Amino acid sequence: MSGLFKKLPNKLIDKLPTKISDTSRMQEDKPSSTLKPINNQFTKLLSITKYLPATARSKILSKAFGKVVPYVGTTGICYETVEPNQVVVSLDNDKAVQNHIGSIHAVAITLLAETATGFILGLNLPSDRILLIKSYSVNFYRPIKKGQIAAVASLSDEQRQHILDTPKGEMIIPCVIEDRESASSRDPITVEMMWAWIPKSELEARRQGKGDNLSDTDQDKQATDTIKATEDE
């Protein structure tokens, strides 16, 4: 996701999400923090937009991040809250993301959770490290029949400090899927997203065949190739 600022569109508010839910309840539940944000490409963008009204800020972030990750931008994901301790992204149940029974497609829901957890890790990762998804598990208990869903990813100060202090590590990022227009008390979906991060220098060494772990599995190689393809976009 390098080159964030170079990929910002000239007209950030063109063709923006038309529906943004009231996130007051989300804000009330947001973890409190005493840690200062780190300085990386994501937090720089947040600092530029922090004085904008909440709705305008959400629209600009949604459009900007959609340009950085083009596939995510095609799904209509809206970035409602983007803070080091909590990221909230939402998706409307429009026809473009539905399955054969009119529910939001499983892949779209998985992408929503991946987006929330990946961005909250990115917000807390020093710029000399790279993140990659390692594994995930998604369990569906009932369909999302109508309306909007949201993925809420949260990190405590202790978890954020661990990420900062650990040059190479992995973590299950907590994430909750909310069915905003359902009266059911049963969780529709549970997700578990395992993310990993390594120093960029180690990734470069692997590419040049100089790393210590030259016998990595094919899965590790595929992850490395995926990161390279993302950076080259």
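These legends describe close-up views of a predicted model.

**View A. Phe42 and Phe65 form a tilted aromatic pair.**
A pair of aromatic rings is described by the distance of the centres and the angle of the planes. The model has 5 aromatic pairs. In this one, the ring centres of Phe42 and Phe65 lie 6.2 Å apart. Their planes meet at 50 degrees, so the pair counts as tilted. A tilted pair falls between the two cut-offs, because under 30 degrees would be stacked and over 60 would be edge-to-face. Phe42 sits in helix 2 (residues 41-49), and Phe65 sits in helix 3 (residues 54-68). The two are 23 residues apart, and their pair links distant parts of the chain. Both Phe42 and Phe65 are buried.

Where do the partners Tyr79 and Phe119 come from? Tyr79 belongs to strand 1 (residues 78-83), while Phe119 belongs to helix 5 (residues 106-123). They are 40 residues apart, so this pair too links distant parts of the chain. Tyr79 is buried, with a relative accessible area of 1%. Phe119 is buried as well, at 5% relative accessibility. Phe42, Phe65, Tyr79 and Phe119 form one aromatic cluster.

**View C. Strand 1 and strand 2 are joined by a hairpin.**
The hairpin connects the two strands through 2 residues. Strand 2 covers residues 86-92, and its pairing with strand 1 is antiparallel. How many bridges hold the pairing of strand 1 and strand 2? There are 5 bridges. Strand 1 is mostly covered, with 5 of its 6 residues buried.

**View D. Helix 5 is largely enclosed by the rest of the structure.**
Of its 18 residues, 15 are buried. The length of helix 5 can be checked too. At 1.5 Å a residue, helix 5 should span 26 Å. Its end C-alpha atoms are 26 Å apart, which agrees.

**View E. Lys95 lies in the loop between strand 2 and helix 5.**
Is Lys95 buried or exposed? Lys95 is exposed, because its relative accessibility is 71% and the cut-off for exposed is over 50%. Lys95 and His105 are 10 residues apart along the chain. Their C-alpha atoms are separated by 9.9 Å.

**View F. Asp179 makes a side-chain polar contact with Arg142.**
This contact spans 2.9 Å. Asp179 is found in strand 6 (residues 175-179). Asp179 has a relative accessible area of 12%, so it counts as buried. Which residues touch Asp179, leaving aside its neighbours within four places in sequence? They are Arg142, Ile144, Lys146, Gln148, Ile149 and Pro188.

**View G. Cys78 and Cys175 are both buried.**
Cys78 has a relative accessibility of 2%. For Cys175, the relative accessible area is 12%. A disulfide is a covalent bond between the sulfur atoms of two cysteines. How many disulfides does the structure hold? The count is 0.

Technical notes:
Residues numbered from 1 in each chain as written. Predicted model: local features only at pLDDT ≥ 70, side-chain atom pairs only at ≥ 80, totals over all residues. Heavy atoms only, no water. Phe/Tyr/Trp six-rings, centres within 6.5 Å; stacked < 30°, edge-to-face > 60°. Helix = DSSP H or I, 4+ residues; strand = E, 2+ residues; numbered from the N terminus. Buried < 20%, exposed > 50% of the residue type's maximum accessible area, 1.4 Å probe, protein only. Polar contact = N/O pair within 3.5 Å; in protein donor to acceptor, adjacent residues only side chain to side chain. Contact = heavy atoms within 4.5 Å. Disulfide = S-S within 2.5 Å. Pairing = 2+ DSSP bridges. Expected span 1.5 Å × (residues − 1).
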